[in-house]
Amino acid sequence: MRLPSQQQQILLRWAPQRIMKAVWKKIVPGLFIICWGIVLSAPFGIPGQIELQSGIILGTVWFWVLYRPQVMSLPLLFLSGLIVELFVVTPPGFLLLWMLVVYGVAQGVRFRLAQGGFFRSWGVYALTVLGGVFLEWCLMSIQAVAIISPFAMVFQWVLTIGVYPLLHAGFAWGRRIFDNS
Amino acid sequence: MLSIHTRQVLAGLVLPILIFFAVGLAFVGQVWPQKLVSLRLAVTGEMAPIYYGLTFPQREVRHWEEMLHGVTDLIAENQNLRQQNKQLYYWRDMATSLKAENKKLKSVLHWGIDPSLRYVSGWVVREESGPYLHAALLDVGDQLSPHMGSLAVDDVGLIGRVSEVGPHVVRILLITDAASRIPVTMLPSGGDAMMVGDSVSLPHLMYYAQDTRPVEGARVETRGQAGITGGVLIGHVHYLSSGQPIVIPAADLKHLDVVRVFDNDTVLDPPPAAGRVREHGPLISVPPKAEGEPKWQGLKRFWPFSRIGNG
């Protein structure tokens with residue numbers, strides 16, 4: 001049986017490590033967004049790379065706000081969005097705006113969707129993303145002063161909602177590791 | 001210290017404020033896109049080393065893939081190389097052949113002539129060498145046929161004279177033929193003689209003056225007179241035995257290929273040395289006095305090719 005003073009010493013000894021771990025947990029989604037934003041801006045020449053960049057970022061925001069909102073704080077989201085804006089080719093500010101919209105929608109329906117299954121949350125995410133890609137398509141058409149082919153919009157939408165199940169599975173696995181650590 | 005209610009109200013305001021900022025950023029990006037685009041470009045420029053590092057595995061994988069692809073395609077590549085090698089051999093042979101042909105044509109070109117004078121060139125299509133005939137058939141194509149008795153030269157010297165003229169082919173009677181009679185001049189003595197072929201060996205020298213006997217090694221040229229151009233190198237004097245001077249031809253009569261035939265009145269300026277292209281115009285000699293064509297001119301075919309005169 002340890003004495004209270006001994007327990008206090010142990011706590012003090014491990015305090016920096018615990019703080020670092022807590023901070024690390026708080027910034028992991030933000031770091032994930034920034035890293036993928038940078039990696040997918042590299043010239044790999046992968047087909048659909050740009051669309052995949054947006055899809056991963058939005059899917060990350062959706063998952064963590066829906067299932068673990070405390071690790072995806074709004075300031076962190078805004079900061080990571082600002083940084084990622086430097087590496088994307090979408091109209092300036094648009095991805096950041098749509099990250100905030102996804103954040104808002106996920107916050108609003110979090111309690112209802114958290115109780116439902118995966119497909120329900122995926123469906124709502126698909127509708128949210130549809131609004132985003134449609135708005136981006138409108139902006140690009142206005143900028144080009146012509147109606148751009150809607151195929152680009154459909155491709156981006158399908159890719160964004162198509163990559164989400166993979167992200168969901170990966171993040172669910174990561175969340176268990178977080179919880180156990 | 002803020003109350004819980006105030007904090008909740010403020011927390012609820014953060015998202016709209018940030019959305020407002022994001023909308024403002026999007027608006028600025030639409031209205032003044034240059035600065036934001038420049039900022040993105042600058043960041044991309046700074047990120048170049050990181051991008052290089054990120055794409056390094058991809059480049060390496062591609063490199064390995066190309067290597068593996070090359071290894072698997074080795075047989076096909078080998079086959080392709082063999083085919084190309086074959087083609088290259090063909091082109092090399094073609095180039096060698098063209099080079100040799102070009103050299104021959106150039107060697108003929110070193111005869112200086114007046115461009116206004118007529119001449120034809122052609123390839124020897126057949127050599128008619130037998131016990132009684134030493135001639136060559138020259139393919140002149142659609143070129144204007146030369147006259148009878150015209151001089152034929154290779155790249156060095158005289159080979160003979162035109163004995164028959166056809167629509168596309170002319171026969172050159174070589175200087176070694178028994179019917180060949182060519183007036184010559186020996187240098188430096190300047191003595192004249194008649195070079196006579198005998199179809200057996202090299203042409204002999206006959207009818208020379210006793211005071212200007214052929215000297216061993218003397219240069220032999222055609223004698224300028226009516227119907228024949230003077231000064232064309234034939235060869236050199238050589239004595240097979242005492243009192244039997246022959247002419248060793250400068251031209252290679254055994255290997256005739258490209259031959260040029262100058263028309264009767266053509267004035268040739270012989271080359272200073274074989275293989276040299278003449279850079280200045282030829283010396284034009286005084287043409288022979290015009291005289292009426294005798295009626296028996298047609299007999300020239302059976303007659304010695306020219307007659308000796310003072311022309």
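Colleague: Which residues does B:Arg171 touch, beyond those up to four places away in sequence?

Modeller: This is a predicted model. B:Arg171 lies in strand S5 of chain B, which spans residues 169-174. Not counting residues up to four places away in sequence, B:Arg171 touches B:Glu128, B:Ala135, B:Ala136, B:Leu137, B:Arg161, B:Val162, B:Ser163 and B:Glu164.

Colleague: Is B:Arg171 buried or exposed?

Modeller: The side chain of B:Arg171 makes a polar contact of 2.8 Å with that of B:Glu164. Because its relative accessible area is 18%, and the limit for burial is under 20%, B:Arg171 counts as buried.

Colleague: Which element gives the largest share of the largest nonpolar core?

Modeller: That core has 54 residues, and those with the most contacts inside it are A:Val61, A:Trp62, A:Leu77, A:Met99 and A:Leu100. The elements giving two or more residues to it include helices H1 (4-39) to H6 (150-180) of chain A, together with helix H1 (4-31) of chain B. The largest share, 11 residues, comes from H4(A).

Colleague: How many residues are in the other core, the one with B:Ile159?

Modeller: This core lies apart from the largest one. Among its members are B:Ile159, B:Leu174, B:Met186 and B:Ala251, and its residues number 35.

Colleague: Where in chain A is confidence lowest?

Modeller: Chain A has a mean pLDDT of 85, with 91% of its residues at 70 or more. Confidence is highest in H3(A), at a mean of 92. Where pLDDT is low, predicted coordinates should not be read in detail. The lowest mean, 76, belongs to H1(A).

Notes:
Residues numbered from 1 in each chain as written. Chains lettered and ligands numbered in written order. Predicted model: local features only at pLDDT ≥ 70, side-chain atom pairs only at ≥ 80, totals over all residues. Heavy atoms only, no water. Core = buried A, V, L, I, M, F, W, Y, C linked by side-chain atoms within 4.5 Å. Buried < 20%, exposed > 50% of the residue type's maximum accessible area, 1.4 Å probe, protein only. Helix = DSSP H or I, 4+ residues; strand = E, 2+ residues; numbered from the N terminus. pLDDT = per-residue confidence, 0-100. Polar contact = N/O pair within 3.5 Å; in protein donor to acceptor, adjacent residues only side chain to side chain. Contact = heavy atoms within 4.5 Å.
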